[in-house]
There are 2 protein chains.
Amino acid sequence: MKRLFTSIVMMSAMATAAFAQQAIFNQNKVTSPVLNTNGTVTFNLYAPFAHEVKVTGDFLPKQTIESPMGKWEIDGIEALKRDENGLWSFTTTGQLDPELYMYKFQVDGVDVLDPSSIHRSRDVRMNMSNFIVTREAGDRGDLYSAHNGTPHGDIHQLWYDSPTLKTTRRLSVYTPASYRTSKEKLPVLYLLHGMGGDETAWLELGRTAQILDNLIAAGKCKPMIVVMTNGHVENNAAPGVDGPLTLVEGGITNPEAVPQRATPHLEPLAVKNDGRGSGFPESFPDVQKFIEKNFRIKKGAANTAICGLSMGGYHSFMISQLYPKNFGYVGLFSAAISMSGGQQSTYDLLTSDKNYKKRIGKLFSAQPKLYWIGIGATDFLYEQNKDYRHWLDEQGFPYEYRETEGGHIWRNWRIYLTEFTQKLF
Amino acid sequence: MKRLFTSIVMMSAMATAAFAQQAIFNQNKVTSPVLNTNGTVTFNLYAPFAHEVKVTGDFLPKQTIESPMGKWEIDGIEALKRDENGLWSFTTTGQLDPELYMYKFQVDGVDVLDPSSIHRSRDVRMNMSNFIVTREAGDRGDLYSAHNGTPHGDIHQLWYDSPTLKTTRRLSVYTPASYRTSKEKLPVLYLLHGMGGDETAWLELGRTAQILDNLIAAGKCKPMIVVMTNGHVENNAAPGVDGPLTLVEGGITNPEAVPQRATPHLEPLAVKNDGRGSGFPESFPDVQKFIEKNFRIKKGAANTAICGLSMGGYHSFMISQLYPKNFGYVGLFSAAISMSGGQQSTYDLLTSDKNYKKRIGKLFSAQPKLYWIGIGATDFLYEQNKDYRHWLDEQGFPYEYRETEGGHIWRNWRIYLTEFTQKLF
């Protein structure tokens, strides 16, 4: 049997790979990343024919660079050193805090996933390797991990009709472990992604299922259904998962545009396709109708929350105004408040267009239980959110405010989800 | 607004990438792959600092190589040519047949996904870019694509208790579009992955949801529930999706072993962990019990099918013997019949251990409606399946046999799924 077993493993390794490459790789038994006993982390890549290997990721201190639009924060980047056998390595200078980290190699200038790790996250066009550091129960790395013995909720990927958009679209739903074992109706959180994401982003990068499983098991948040939509009206579904991948003459979507997406509509859309999710807020009643029909939920504003990050924060800002009686809880995570505006400041936008005062006034007159704003101190949307808070203060509309370190990053959005869900229902 | 919009797109691009890299990439507007008007396909990679770029994938003719175990078929590999700006290209010599193809680049010896394509498939440790070629309605590429206007089934990812394994495990379930709109009970197909896979393999690489959606919509197969388990008892769930990614001292799983997996059990397993899915067949009643409890299904052998590829073919071979009254339809796709055996031939294994005759005899005495065997003519498991057919012939046990071109590849397994499902229920 040993021979057969070996041959199946080898076939598995060779099925889609060049044999020599894999054989060399396996001979060298590369492990990466490695958590060292002193708490540092080492990254290894076997690349004997490469001339330069670097690693970049959010585990490294941010760098500030100059761009045509001003200063930007980007992930740090470090060179790996080659040993005499062609193994390249880099070790962090200090311990890493408990967290989910993203990284990738650059081999002679080209992005490469870590071939020694199976842990990868997709954010539409970007693929990153990832790893979690955890030191003790309850720390952030622990919260983002699945645990044996903790009841796990289920994930559903469903298609719904959107008469408003005149098409069928996909969404993801998290139902907590108790949903299948009890007959109880549950409240609903609508959780919206950013411009780079789709209906899988909050699951892959946001660790929504793990956070909810762990918070619910610890009694820190109420069991709830979480609905993750796809706010890009120009796409039916997340790329690759369900899309027609058919090549068309002249090649697939030009990558210079908004991050590429799959599952394009074959029929003309009923709304303008601008890559910013315009038209999605107006179609939101289709989502709510679908969820109310297909899941055992508690209805009404007291049992309904909406929140989202960046573009999804803008969507939450708009949807809660358009349907002010539907939501008792609203969360804006690093929200692009001015997304539909022009060159003017957010404050000028809000004061010059009286619709905002009228609609947001209606929302606050219904006395929502929570209007929550979270943003990082170095987020490029900080000023927009400052303007918005200033405007809300002037109107006398009450909200909760949370400011964290750092910028427009998933680390913050996982923190906001963790805090926001504990305040719901 | 244009300025804000641009800045969000740029932030999105830069969030986890080095700025210079992305800026160069975007300036060059690389599109890849490109279907040319003459039906050839061009692959492009912008890599000005690379010294050698190759492409490998199943769209190229297979190569035969010598290995310590004899001759093996592997994917072809071709060199890309660099232009004066650092853009590397390769164009196929002929048209490609309608199909889902997998490919990757090798940059100075290191595997690289196509950064210009968002279409990617994961098979545990391997990530490949992919594309579908289709020419007309009903061809293979068309069958593997999602279509607007075709009713789409739902995907569920659920955790179930396995008292036999003393743990909680995850599985995927496809429910057809009619499942939510009617109250009808449906038959069940259990669909098992190979040694390199997990509960997502048949969805990602097998295109199960698209194939079933399209066949059902065309009236070519009955609406059915499809259950995709994880046959590796040493893991709870697919890597990354739900696992604790915690690093442990000394690094994560050594990659020289069976392809790495995540979500390891924290508690000792009730069965031996050998990386071959041993112990899974004995735990299968836990799966059936869970499905019968949580889905609206028709019970009994006439409404229950099981099939699987490679290791999953072995599992189907074993599970159908262990529980002969449970399955009216059995499908072995490129099955590793001898997986539990020793060095002896499959024929000798089946004749020397009388349990096979006894158990398989029980299965056939219940007169299953279909016992189906499919294998590629150059599959490395061909002899095993030939031996098994010989043995079945001697016993007088009836089966259907399907032989295709090629070897131990997903292209064949998608064909087998397409043909097998049309014979069910």
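Phe364(A) sits in helix α10 of chain A, which covers residues 354–365. Helices here are DSSP runs of H or I with at least four residues, strands are runs of E with at least two, and both are numbered from the N terminus. The model is predicted: local features need pLDDT of at least 70, side-chain atom pairs count only at pLDDT 80 or more, and totals for chains, interfaces and linings use all residues. Residues are numbered from 1 along each chain as its sequence is written, chains are lettered from A and ligands numbered from 1 in the order in which they are written, and side-chain values use heavy atoms, with hydrogens and water left out.

Is Phe364(A) buried or exposed? Phe364(A) is buried, because its relative accessible area is 8% and buried means under 20% (exposed is over 50%, partly exposed lies in between, with a 1.4 Å probe and protein chains only). Which residues does Phe364(A) contact, once neighbours within four places in sequence are left aside? They are Tyr371(A), Leu392(A), Phe397(A) and Pro398(A). Contact here means heavy atoms within 4.5 Å. Trp72(A) is 292 residues from Phe364(A) along the chain. The C-alpha atoms of these two residues are separated by 35 Å.

Now take chain A as a whole. It has 12 helices and 20 strands. Of its 425 residues, 64% count as buried. Consider the contacts in chain A between residues at least 6 apart in sequence: 74% of them join residues at least 24 apart. The accessible surface of chain A comes to about 15,600 Å². Carbon and sulfur atoms account for 50% of that surface. Such areas come from the Shrake-Rupley method with a 1.4 Å probe, and for residues only the protein chains shown count as cover.

Another helix to look at is α8 of chain A, residues 311–322. How far should its 12 residues span? At 1.5 Å a residue, the answer is 16 Å. The expected span is 1.5 Å times one less than the number of residues. The end C-alpha atoms of α8(A) are 16 Å apart, so the model agrees with the expectation. This helix is mostly covered, with 11 of its 12 residues buried. Among them are Met311(A), Tyr314(A), His315(A), Phe317(A), Met318(A) and Ile319(A). Gly312(A) and Gly313(A) are buried too.

Next come the strands. Chain A holds an open sheet of four strands in the order β1-β2-β8-β7, with antiparallel pairing. Its edge strands are β1 (34–35) and β7 (81–82), each pairing on one side only. Two strands pair if DSSP finds at least two bridges between them. β1(A) and β2(A), the latter covering residues 41–46, pair in the antiparallel sense over two bridges. Leu35(A) has Val41(A) of β2(A) as its bridge partner.

The loop between α2 (19–28) and β1 of chain A holds Pro33(A). The peptide bond from Ser32(A) to Pro33(A) is cis, with omega near -10°. In chain B, the bond from Ser32(B) to Pro33(B) is cis, with omega near -10°. Pro33(B) lies in the loop between α2 (19–28) and β1 (34–35) of chain B.

Chain B also has some positive phi values. Lys166(B) has a phi of about 55° although it is not a glycine. Lys166(B) lies in the loop between β13 (154–162) and β14 (167–175) of chain B. This lysine is exposed, with a relative accessible area of 65%. Phe425(B), not a glycine either, has a positive phi of about 65°. Phe425(B) is found in the segment after α12 (410–421) of chain B.
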